[in-house]
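This briefing covers the nonpolar core of a protein chain and the pockets that open on its surface. Please keep the sequence and the model in view while reading.

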Amino acid sequence: VARRGFVAVPSKYTEMRRGVEGVYRGHIHHRWIFTVQAGVVLVVPKLPFLETEPTFDPVVVRSEFPDLSFEWTGSIPYKVLNNDFMGPTPQAV
């Protein structure tokens, strides 16, 4: 296992933008969206309801950040949204 390295993933702006690959948001084969909050990588599942949510449209059209990239040493602090629990209702997500 490596002790340091480099991470590069599509930015949340790329994954939420329409037209990256067809009419869908982001890369159709990607299942996760990554962002950083308070120095911790937050891993968010790319849920189907995001496809119809217009809230993100004005934000992602203006983005100049195609990827999220960083070097790391030791470990990468991360958290999966809601401890990877999605449900039982849309409000719980």
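Predicted model: local features only at pLDDT ≥ 70, side-chain atom pairs only at ≥ 80, totals over all residues.

**Core and pockets**

The largest nonpolar core consists of six residues, namely M16, I33, L42, V44, L50 and V60.

Nonpolar core
- Among the core members is V60, which, when residues up to four places away in sequence are left aside, touches Y13, M16 and R17.
- In soluble globular proteins, nonpolar side chains tend to be buried together.

Largest pocket
- The largest pocket has a volume of about 280 Å³, and its lining is made up of 15 residues, of which M16, I33, V44, L50 and F56 lie nearest the centre.
- Of these central residues, M16, I33, V44 and L50 also belong to the largest nonpolar core.
- At least two lining residues are supplied by each of α1 (12-16), β2 (32-37), β3 (40-45) and α2 (57-61), with the largest share, three residues, coming from α1.
- Sorted by class, the lining of the largest pocket holds 13 nonpolar residues, one polar residue and one charged residue.

Second largest pocket
- The second largest pocket has a volume of about 170 Å³, and the residues that line it are R25, I28, H29, H30, R31, K46, L47, P48, L50 and E51.
- The lining of the second largest pocket divides by class into four nonpolar, two polar and four charged residues.
- L50 is one of the residues lining this second pocket, and L50 is also listed among those nearest the centre of the largest pocket.

Methods
Residues numbered from 1 in each chain as written. Heavy atoms only, no water. Core = buried A, V, L, I, M, F, W, Y, C linked by side-chain atoms within 4.5 Å. Buried < 20%, exposed > 50% of the residue type's maximum accessible area, 1.4 Å probe, protein only. Contact = heavy atoms within 4.5 Å. 1 Å grid on protein atoms, 1.4 Å probe; cavity = no way out; pocket = protein on both sides within 12 Å on 5 of 7 lines; lining within 4 Å. Points joined across faces, edges and corners; volume = space filled by probe spheres on them. Helix = DSSP H or I, 4+ residues; strand = E, 2+ residues; numbered from the N terminus. Nonpolar A, V, L, I, M, F, W, Y, C, P; charged D, E, K, R; others polar.
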